[in-house]
Amino acid sequence: GKEDAALLKEMKEFGLEALKVDGCPNIENSQYSFHVPPYNSIDHLHLHAIGNRSSMTFAGALKYAEGTFYCWSVDQTIKRIMKDLSRL
């Protein structure tokens, strides 16, 4: 519910801060996403904080392609949660 959406927002903020601390040179080109089950290889909630999307290999860009059936951005996931809540 709303608590889940709030947690995801906090995770995104933490990811942004982690990239800053790590010295990410292109922070405005960062990405924060989740793999959608069953396409996740690790069976717990974790956020991919990618510092510079333009430096990804072709395989990486494909693996972390937001908006696909297997990879959603944090914002897309939050919208989905809120949409589901409005149906209740």
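Tyrosine 39 has a relative accessible area of 44%, which makes it partly exposed. The label follows because buried means under 20% and exposed means over 50%, with partly exposed in between. The model described here is predicted. Tyrosine 70, in contrast, has a relative accessible area of 16% and is therefore buried.

How many aromatic pairs does the count come to? The count is three aromatic pairs. One of them joins tyrosine 39 to tyrosine 70, with 6.5 Å from centre to centre and 65° between the planes, an edge-to-face arrangement. This pair links distant parts of the chain, as its two residues are 31 residues apart. Tyrosine 39 sits in the loop between β1 (31-35) and β2 (48-50), and tyrosine 70 in the loop between α2 (58-63) and β3 (71-73). Tyrosine 70 also pairs edge-to-face with phenylalanine 69, at 5.1 Å centre to centre and 80° between the planes. Phenylalanine 69 has a relative accessibility of 57% and so counts as exposed. Together, Tyr39, Phe69 and Tyr70 make up one aromatic cluster.

## The chain as a whole

The chain contains three helices and three strands. Their order along the sequence is α-β-β-α-β-α. The C-alpha atoms fill a box of roughly 40 × 25 × 20 Å along the principal axes. The chain has 88 residues, and 34% of them count as buried.

## Helix α1

Helix α1 runs over residues 2-21, which is 20 residues. From its first C-alpha to its last, α1 reaches 29 Å, close to the 28 Å expected at 1.5 Å a residue.

Which residues of α1 are buried? They are Ala5, Leu8, Met11, Gly15 and Leu19. Viewed down the helix axis, the buried residues of α1 fall within an arc of 115°, so they line one face. An α-helix has 3.6 residues a turn, so residues three or four places apart point the same way. The face of α1 turned away from the buried side carries the exposed residues Lys2, Glu3, Glu10, Glu13, Phe14 and Val21.

## Helix α3

Helix α3 covers residues 74-86, 13 residues in total. At 1.5 Å a residue, α3 should span 18 Å; the end C-alpha atoms are 19 Å apart, which agrees.

In α3 the buried residues are Val74, Thr77, Ile78 and Ile81. Down the axis of α3 these buried residues fall within an arc of 100°, so they too line one face of the helix. Lys79 and Ser86 are exposed residues on the face of α3 turned away from its buried side.

## A cis peptide bond

Is the peptide bond from proline 37 to proline 38 cis or trans? The bond is cis, with omega near 10°. Most peptide bonds are trans. Proline 38 lies in the loop between β1 and β2, and tyrosine 39 is in the loop between β1 and β2 as well.

## The largest pocket

Rolling a probe the size of a water molecule over the atoms shows where empty space is left. The largest pocket has a volume of about 230 Å³. Its lining consists of 13 residues, and those nearest its centre are Phe34, His35, Val36, Pro37 and Leu45. Pro37 also takes part in the cis bond to proline 38.

Terms used. Residues are numbered from 1 along each chain as its sequence is written. This is a predicted model: local features need pLDDT of at least 70, side-chain atom pairs count only at pLDDT 80 or more; totals for chains, interfaces and linings use all residues. Side-chain values use heavy atoms; hydrogens and water are left out. On a 1 Å grid over the protein atoms alone, a cavity is a set of points where a 1.4 Å probe fits but cannot get out, and a pocket is an open set with protein on both sides within 12 Å along at least five of seven lines; lining residues have an atom within 4 Å of a point. Grid points are joined across faces, edges and corners, and a volume is the space filled by probe spheres set on the points. Rings of Phe, Tyr and Trp (its six-membered ring) pair if their centres lie within 6.5 Å; planes under 30 degrees apart count as stacked, over 60 as edge-to-face and the rest as tilted. Helices (H or I, at least four residues) and strands (E, at least two) are DSSP runs, numbered from the N terminus. Buried means under 20% relative accessible area, exposed over 50%, partly exposed in between (1.4 Å probe, protein chains only). The expected span of a helix is 1.5 Å times one less than its number of residues. The arc is that of the directions from the helix axis to the C-beta atoms.
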